[in-house]
Amino acid sequence: WILLSSETEEGKARAAFLKRFSALEKNCDPATALKKIRNLMTSTKRYMKENHAENLKPLVENLFVSKRRVRAVAASADTVRHASVAAAGAAGGNGLSALSTEELMDMLDQDAYLMSNVELALQRAFLAPRIDRVLAIVERLSKDTDSMLEQRISALKYHPQEFFGIPSHLLSPNKWSAAVYELKFISKMTLPSQKAQSACAHSACDLQRTRVRSQR
């Protein structure tokens with residue numbers, strides 16, 4: 001209701017954005033238009049975090065079960081913990097050093113999960129009503145680069161997995177066919193966050209299956 005109410009700052013920003021979208025399309029080149037849209041989304045997300053985080057956290061915590069999630073974290077938990085504690089120390093310290101690695105990872109994950117849900121809510125409120133027109137702007141901007149990307153993909157698609165730096169113990173025996181199959185469903189999703197979440201989830205699952213097989 002925060003984003004849809006005509007009485008909240010977020011709701012007012014949304015109403016103004018939808019009302020002025022035609023002028024944005026007409027008066028701005030694609031790159032400038034997308035930059036303005038992204039800046040509005042970012043500033044609104046920052047405002048929500050600063051003013052509504054405490055009210056939103058309980059809702060997210062009810063959905064978030066850290067011990068059941070697969071953490072796709074490139075660095076080890078200790079690395080993340082040390083970096084976070086160092087940053088806290090540089091800022092004067094805020095008690096993070098007293099937390100265990102698991103507690104800190106839970107806190108970091110929950111904050112990221114909160115903001116990803118806020119981002120998705122913003123996209124549903126701001127972008128969904130104008131999504132076809134937003135995508136048309138994106139297409140105008142990316143038409144040339146998409147063509148170049150397709151050419152590069154065609155040139156690389158027949159290289160072996162080792163060519164891309166995948167360690168031998170993580171090679172997929174079926175050439176990631178499960179992930180490729182699942183990723184085809186991304187085109188059925190509308191919002192950027194939904195596409196990104198789907199891509200990460202399906203890729204992580206296929207990678208996890210490959211790791212399990214390699215450990216047998």
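Colleague: Is Phe17 buried or exposed?

Modeller: A residue is called buried under 20% relative accessible area, exposed over 50%, and partly exposed in between (1.4 Å probe, protein chains only). Phe17 has a relative accessible area of 9%, so Phe17 is buried. Phe126 also counts as buried, because its relative accessibility is 1%. Please note that this is a predicted model, in which local features need pLDDT of at least 70, side-chain atom pairs count only at pLDDT 80 or more, and totals for chains, interfaces and linings use all residues. Residues are numbered from 1 along each chain as its sequence is written, and side-chain values use heavy atoms, leaving out hydrogens and water.

Colleague: How many aromatic pairs does a search of the whole structure find?

Modeller: A pair of aromatic rings is described by the distance of the centres and the angle of the planes. Rings of Phe, Tyr and Trp (its six-membered ring) pair if their centres lie within 6.5 Å; planes under 30 degrees apart are stacked, over 60 edge-to-face, and the rest tilted. The search of the whole structure finds three such pairs. One of them, Phe17 with Phe126, is tilted, at 5.8 Å centre to centre and 45 degrees between the planes. This pair links distant parts of the chain, 109 residues apart: Phe17 is in helix 1 (residues 9-27) and Phe126 in helix 4 (residues 101-127). Helices here are DSSP runs (H or I, at least four residues), numbered from the N terminus.

Colleague: Which residues form one aromatic cluster?

Modeller: The cluster consists of Phe17, Phe21 and Phe126.

Methods
Helices (H or I, at least four residues) and strands (E, at least two) are DSSP runs, numbered from the N terminus.
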